[in-house]
Amino acid sequence: MSTFGNILWIICGGAISALLYALGGLLCCLTIIGIPFGMQAFKLAGATLAPFGKTVVPNRTGEGMLPLFFDVLWLLTAGWALAVAHLTHAAALAVTIIGIPFAVQHLKLIPLSLMPFRYDLR
């Protein structure tokens, strides 16, 4: 069932979202300082490409001061906008019965888009 959901997700906009996350990752990787953020954008691209059948789990390497600093920096620059976008999409999709599973996937991606150094999708 998750394969069918992922195929529908990709057709209905998941591929475009994943490409935009990957493009943002490429732009971040142009500078040495932006490489950790670019890698997290690539992680978000993979998570956005196929979210069905996966869960958000705390990342063991996300503990410590440096990942916390990176998460706060991410949150202040891009994370809040990504979370609002996922929340808006979830609210729009939850209006119909068919859209509810997709809305749940958008809600699942919110913690990952807010703090990508702290969470992982498995």
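Start with the largest pocket of this predicted model: 24 residues line it, and those that lie nearest its centre are Ser-17, Tyr-21, Thr-48, Leu-82 and His-86. Helices H1 (2–28), H2 (35–49), H3 (65–93) and H4 (100–114) each give two or more residues to that lining. Which helix gives the most? That would be H1, with 10 residues. The space inside comes to about 550 Å³. As for the kind of residue you meet along the lining, 14 are nonpolar and 10 are polar, with no charged ones.

Now for how some of these helices sit against each other. Two packed helices are described by the angle between their axes and the distance between the axes.

| Helix pair | Angle between axes | Axis distance |
|---|---|---|
| H2 and H3 | roughly 45° | within 12 Å |
| H2 and H4 | about 175° | 11 Å |
| H3 and H4 | roughly 175° | within 8 Å |

Take H2 and H3 to begin with. Their axes cross at roughly 45°, and that makes H2 oblique to H3. The crossing is right-handed. On the H2 side, the contact uses Pro-36, Phe-37, Gln-40, Ala-41 and Leu-44, while H3 brings Phe-70, Leu-73, Trp-74 and Leu-82. By class, that's 8 nonpolar residues and 1 polar, with no charged ones. Leu-82 of H3, part of this contact, is also among the residues nearest the centre of the largest pocket.

H2 and H4 are another story. What does an angle of about 175° say about this pair? Angles over 145 degrees count as roughly antiparallel, so H2 and H4 are roughly antiparallel to each other. Lys-43, Leu-44, Ala-47 and Thr-48 in H2 meet Leu-109, Leu-112 and Ser-113 in H4. This contact has 4 nonpolar residues, 2 polar and 1 charged. Leu-44 in H2 meets H4 here and also takes part in the contact with H3. Thr-48, another H2 residue that meets H4, lies among those nearest the pocket's centre.

That leaves H3 and H4, whose axes come within 8 Å. With a crossing of roughly 175°, H3 and H4 are therefore roughly antiparallel to each other. The H3 residues in this contact include Asp-71, Trp-74, Gly-79, Trp-80, Leu-82, His-86 and Leu-93. Among their partners in H4 are Ile-100, Phe-102, His-106, Leu-109, Ile-110 and Ser-113. By class, the residues of the contact divide into 15 nonpolar, 5 polar and 1 charged. His-86 of H3 belongs to this contact and is one of the residues nearest the centre of the largest pocket. On the H4 side, Leu-109 and Ser-113 meet H3, and both meet H2 as well.

Note on methods: Residues numbered from 1 in each chain as written. Predicted model: local features only at pLDDT ≥ 70, side-chain atom pairs only at ≥ 80, totals over all residues. Heavy atoms only, no water. 1 Å grid on protein atoms, 1.4 Å probe; cavity = no way out; pocket = protein on both sides within 12 Å on 5 of 7 lines; lining within 4 Å. Points joined across faces, edges and corners; volume = space filled by probe spheres on them. Helix = DSSP H or I, 4+ residues; strand = E, 2+ residues; numbered from the N terminus. Nonpolar A, V, L, I, M, F, W, Y, C, P; charged D, E, K, R; others polar. Axes fitted to C-alpha atoms, helices over the stretch in contact; angles between N-to-C directions. Parallel < 35°, antiparallel > 145°, perpendicular 65-115°, else oblique. Contact = heavy atoms within 4.5 Å. Left-handed = near helix turned anticlockwise from the far one by under 90°.
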